[in-house]
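Good morning, and thank you for making time for this item.

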Amino acid sequence: MSRLGTLGARLYRGEVSYDFIGHRKLWYGVSAVLLVVSILSLLVLRLTLGIEFRGGAEFRVKSPTVSDDAVRETVANVVGGEIVVQRVGSDTVRAQTETLTSEELEEVQTALAEEFDVASEDVSTQFIGPSWGQDISSKALRALVFFLLGVVIFLSLYFEWKMALAAMIALLHDLVITAGLYSLIGFEVTPATVIGFLTILGYSLYDTVVVFDKVRENTHGLAGGSRMTYSGAVNLAVNQTLVRSINTSVIALLPIGAILFAGVVLLGAGPLKDLSLALFIGVAVGAYSSVFIAPALLAGFKEREPAMQALAKRVANRKTGSTTATTRRQTGPSEEAPATETGSPVAAGAVPAGAVARRPRPADRKPSSRSQPRKGGGRNKSGKKRR
Amino acid sequence: MASPVPSRPGRTLAALAVLTALVYGLIWVAAPDSIGDDELSAADKYRPRLGLDLEGGTSVILTPRRASGEGSVPQDSLNQAVSIIRNRVDSFGVAESETTTAGDNIVISIPGKQDKSILDTVQQTAELRFRQVLLSGAGVTAPAPSASPSPTASGSATATPSGSPSATPSPSTTTDSRAVPGALRANSSPSPSASPSGSPTPSPTASATPPPVTPGTLGAGALTPELQQQFVALDCSDPEAVRQTLRAPGADRPKRPLVTCDEDGAEKFVLGPAEVLGTDVSSASAGLESNSQGIPTGGWEVQLDFTGDGKRKFADITRRLAAETGDLNRFGIVLDGLVVSAPTTNEPITGGNARITGNFSQDEAESLANVLKYGALPLTFDAGEVQEVSATLGGDQLRAGLAAGAIGLFLVVLYSLLYYRALGLVTVASLAVAGIVTYGMVVLLGWQLGFRLSLAGIAGLIVAIGITADSFVVYFERIRDEVRDGRPLRVAVESGWARARRTILAADFVSFLAAVVLYLLSVGGVRGFAFTLGLTTLIDIAVVFLFTKPLVSLLARTKFYGGGHRLSGLASDRLGTTRSTLATRPSRRRGAPTPKEA
């Protein structure tokens, strides 16, 4: 933990940094593999639709003497058709049948109650009309479209449309992979799963918003200078928010993991399990894409702009021009934040365009920032302020 | 640069305490003293209201469709359907049952166990029928009508054929529309037609034709001694009970006579076979009443249009009824078994549109018009989802949900303490405050808006632990970033806040947007989840602004945190700054503080 703590400081100052943008091809590759697996799984294994989407009836009996076979037999005595029996928790069995009339429903309930010697109230029943599933899925789809529209508008206003686009692509990426992995694990799709999917929307974007907020801060007034490329600024932002991303994801995953545990171990089958699995995958994938995919996409979009290309050229010239210039600017990466705050271009080649800690520049950067007296950061800052 | 306002943390914290106390005080006010026959203790008032999946009970989601098949269901028909279904559910006498719309679905919740007949009952198509009145009388035969309003007081209403311009020049004719509750009671004119209570006036033709009446017999001929006996025996003190018995299969057939009450039990009727159906009505609306000269009288009336087929049928019935006198002159408008209105007819209405007038208030006219309009569009109800959860299973789910919440909370607390050390205590305290506020809001909204906590809702709360904790992470990381930039803690706390605030608001906005969209466009469990998610997002913002931030401001003044103690989570060596820088008191001068060696 404490390792992570100091790592945070070093990441922030740019002493340690991982070149997310430079390695984007690698991470695009990883995502491509995940996407292919997901799509294949969706095509081959399909999503197993729960009774809520197929229509049908479900019974739950809770009794110490309950057994799968006895339940199956009892239900089969009353109604025909396919009967799926599943154990839920330690002393409950669930049976699902095809659509029944309300008389049949009552008959099965009474039969089960008699067989296992429980009050008929203690046999839970659920009946789902055949068109119900379609109703809720089309509603969920509508919710999705409206939500995406709202988010695109919000992000375009709050950031810019290229950020909104990158965030959207990352979001779709998350959804496809989540659905794919869900089908791979083979849980049934129930309304709870749909809830989970829809929640991922919020979560995945939430992470991306935090990273992009930092990107925007770092790139403020960037195009006017020549110190850092857009990609470099994005990379710095990802590194600076990395600890937060990790912490946030861990903190989000902990309670979801707890629900998953309770759903699988304590309840066996039910909404908790489906909801938490969808969420667990979704949050994890969302965190991944907010670090590896969304910023890289954004950098890719922005680097196409003439202004940004010109900037990249200037930065490149600078680098080949004189190393001394770079080192002189090396007043310490700790300056970055105040720099952006005052609206001036992001400081120094803390993370030179697309560079990594272990590549050319860092060699002279690291010592330089170490050799700086710590409080120097403060002094520099005040110097900056007066400017 | 954002101007860090050191503000007055103490005052903000006090404001939060007051707000929280207010929520808990409001619960006491909002909670009813009893539900049904059960007194509510103070503890009950402060317990969240649980959904049926946790408490046990029956929940039914119905999707209304037009009986004719295609087409969407207009909103006013939907509202009418809900009130019809609410009547039906209420007739089972279950305390606390709720019938509401969710999107274009109808959601019925009935706590406790009920038999499946509820489903059959609520699923029935509500039919509007026009039947001739064969006999009428006071609703309660008992000599002391005491509680029920005097049934004999009734006003006079006029039905005027407005569609046929060439009709009689003086079209107003007296009708009696006593079944519209309340409207006419103030009018003290004695009942012109009601027969003495209990003693039916045998119609001459009835005695002449004692054998069972063949279905479809119209007019007084349909009034058999059996019907008269039923009529005498009928007690209208509880009209809903009558509605309930009429719902039994075969009890209310359109081609058969019907013995029933009006909606408030003031009057009872023997009615002939249905001659005009709700589907024959093309539209109905409430409007201002005007007299024959076209001058508004100040009252309200209901205008009624019939379809082509309905026009002919209505002409037939009014032509026949206009020739009759007394009870036989009236026709009953029957909805779902009970008489909604029973005006008299003075002349044939052949034009296809009629007006029902009386001393209607606007509300009364509109509600009658709605009934008629609904009749024009009978709905069938598809059972979307019917769930009957036993109390034991519900309890299991609740326990598992709470266990998950406890484990999740514990892990989050553990992680934040390990990572943020003593700063993690702020997280713990903030989560505790968020928990207290959330609990209060859930209970309050339970009483205020009828919100019930379902399993999906609990899942939403647990997921929200993550979202809430994340706001603290964003803030803490910002503070640490500022400290890494060499700012003293007391400055970092403020400047970090100014920037964290924006991020927190933007991220929470997205989360809230998701919750709102989900809530508006969904039904059932998704709705409960979205509700708690949206609620906790708002509470998160409140807690971060009103609790976490002021608390951190206060703590930054302490030696332990402000001095960057090794365990404070702000230790200087781990943040790459010096203790002296960290502990610098903000100077009065604007701008950066000058570091001093301690």
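The crossing of α4(A) and α5(A) is right-handed; a crossing is called right-handed if the near helix is turned clockwise from the far one by less than a right angle, and left-handed if anticlockwise. Helices (H or I, at least four residues) and strands (E, at least two) are DSSP runs, numbered from the N terminus.

Before I go on, a word on the source: this is a predicted model, in which local features need pLDDT of at least 70 and side-chain atom pairs count only at pLDDT 80 or more, while totals for chains, interfaces and linings use all residues. Residues are numbered from 1 along each chain as its sequence is written, with chains lettered from A and ligands numbered from 1 in the order in which they are written.

To return to the pair, α4 of chain A covers residues 68-78 and α5 of chain A residues 102-115; they pack at about 140 degrees, their axes 9 Å apart. Axes here are lines fitted to C-alpha atoms, for helices over the stretch in contact, and angles run from 0 to 180 degrees between N-to-C directions. Among the residues making the contact are V71(A) and V75(A) from α4(A), with V108(A) and L112(A) from α5(A). Contact requires C-beta atoms, placed from the backbone, within 7 Å.

Next, the sheet that involves both chains. Its eight strands form an open sheet with antiparallel pairing, in the order β3(A)-β4(A)-β2(A)-β5(A)-β16(B)-β3(B)-β5(B)-β4(B). Two strands pair if DSSP finds at least two bridges between them. At the edges lie β3 (84-88) of chain A and β4 (98-102) of chain B, each pairing on one side only. The average twist from one strand to the next is 20 degrees.

Where do the chains join in this sheet? Strand β5 of chain A, residues 123-128, is linked to β16(B) by four bridges, running antiparallel, and Q126(A) has Q387(B) as its bridge partner. Strand β3 of chain B, residues 57-66, pairs with β16(B) over ten bridges, again antiparallel; there V60(B) stands opposite V386(B). Strand β16 of chain B, residues 379-389, is mostly covered, with eight of its eleven residues buried. Buried means that 20 or more other C-beta atoms lie within 10 Å of a residue's own, exposed 12 or fewer, and partly exposed in between, with C-beta atoms placed from the backbone.

The other sheet belongs to chain B: five strands, open and antiparallel, ordered β9-β10-β6-β13-β14. Its twist averages 50 degrees from one strand to the next. Strands β13 (residues 331-335) and β14 (residues 338-341) of chain B are joined by three bridges, and I333(B) stands opposite S341(B). Two residues lie between these strands in the hairpin, where D336(B) takes a positive phi near 55 degrees.

Finally, the cores, each a set of buried Ala, Val, Leu, Ile, Met, Phe, Trp, Tyr and Cys residues joined through C-beta atoms within 7 Å. The largest has 148 residues, of which A167(A) and A459(B) touch the most other members. Its largest share, 19 residues, comes from helix α11 (residues 271-302) of chain A. Neighbours within four places aside, A459(B) contacts I259(A), L272(A), L275(A) and F529(B).

How values were computed:
Two residues are in contact if their C-beta atoms, placed from the backbone, lie within 7 Å.
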